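Let's take a look at charged side chains and who pairs with whom. The structure comes up first, then the notes.

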Amino acid sequence: MDARVGHGGIWLLTLKGNIMRVFVTGGTGFVGSAVVRELLDAGHQVTGLARSDAAAAALTAAGAGVRRGALEDAASLRRGADASDGVIHLAFNNISETTDFAASCQADRFAIEALGEALAGSGRPLVVTSGTGLLPPGRPGTEQDEPDTTPFAALRGASETVALAFAGRGVRASVLRLPFSVHGTGDRGFVPALIGFARAAGLSAYPGDGANRWPAVHRLDAANLFRLAVEAAPAGARLHAVADEGVPVRDIAEVIGRHLSVPVTSVPDPGHFGFLAHFITMDGPASSALTRERTGWQPVQPGLIPDLDKGHYFD
């Protein structure tokens, strides 16, 4: 397999008769399961890391291979990477009221180091998942931006530093940043949490004037970019899986209120949003212009508001 840069900076991929064997962590999650499907449909072979019998069964049902192990088990990660032509690392403990965020970030760095060490000197790809929410707020963040220096961003952003350091050690390491909302059927992220708060309170709330913006992408569009990255992203690349550059939080609240038939109102205290208090006030628009230019990636799925208006979030 030969990855190179073609006319206009678009990455071109030439397959030399062999499909890729891709090792995926987090392959049974909301985004990860879509990535596994995208890779399999493109003809690649996939092996997923499975901590539990349920995860192993889900991978098998999807048509993927299974490697039993966990993020805390460096040996299982190294074996998975050793047996692959490339790795996509998606697994991360979801942010919730019970999450020890610092511990989750530490576990993420441990896993990246284990995977990177296994791939060192091979020229094989390692695609590591990050988030646009780490970037400085208030303007559209770009692929060239470094993570912010706030404690939250610094904790999570350290994973990007660990991953991209392997670009200088013979690994085609890249970082793919997901936006605040990755939406679609089966979503268990921020938007379903907002719907839950609205049901419980009998009102759909937004902070302040609700003009702060969340970027978004459909899970299937994100999965497509993960495939493009493992196939051809050059060492050191940062990519943004962003379709909606910035959706005002008030617009999200209004769709929720309309579908639940509850009032839509501003609330002065972000504590109304529980564990989302930090995120609900963030103004974090993000651009994917450079990603689209370099990869040819084009989102084709519905945007966040049209997807919400389909109604499946409210069933």
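What follows is a quick tour of the salt bridges, with a stop at one isoleucine at the end.

## The overall count

Keep in mind that this is a predicted model. Searching the whole structure turns up 15 salt bridges. As background, side chains of opposite charge can pair when their charged atoms come close.

## A pair within one helix

Start with R37 and D41, whose side chains form a salt bridge with an N to O distance of 3.2 Å. Both sit in helix α1 (residues 30-41), and because they are four residues apart there, about one helical turn separates them.

How open is each partner? R37 has 37% relative accessibility, so it counts as partly exposed. D41 comes in at 57%, which makes it exposed.

Next up is E72 with R51: their closest N and O atoms are 2.9 Å apart, giving a salt bridge. This one ties together distant parts of the chain, with the two residues 21 apart. E72 is in the loop between β5 (65-68) and α3 (74-82), while R51 is in the loop between β4 (45-50) and α2 (53-62). On accessibility, E72 is partly exposed at 48%, and R51 is exposed at 55%.

Then there's E117 and R169, with side chains meeting in a salt bridge at 3.0 Å, N to O. Here too the link joins distant parts of the chain, 52 residues apart: E117 belongs to helix α4 (residues 101-119), and R169 to the loop between α5 (151-165) and β8 (172-178). E117 has a relative accessible area of 43%, so it is partly exposed. R169, at 39%, also counts as partly exposed.

## A network

Which residues are linked in a network of salt bridges? They are E146, E160, R177 and R238.

## A stop at I19

Setting aside residues up to four places away in sequence, I19 touches G43, H44, Q45 and D85. Take D85 from that list: I19 and D85 are 66 residues apart along the chain, and their C-alpha atoms are separated by 9.0 Å.

Technical notes: Residues numbered from 1 in each chain as written. Predicted model: local features only at pLDDT ≥ 70, side-chain atom pairs only at ≥ 80, totals over all residues. Heavy atoms only, no water. Salt bridge = Lys/Arg side-chain N within 4 Å of Asp/Glu carboxyl O. Buried < 20%, exposed > 50% of the residue type's maximum accessible area, 1.4 Å probe, protein only. Contact = heavy atoms within 4.5 Å.
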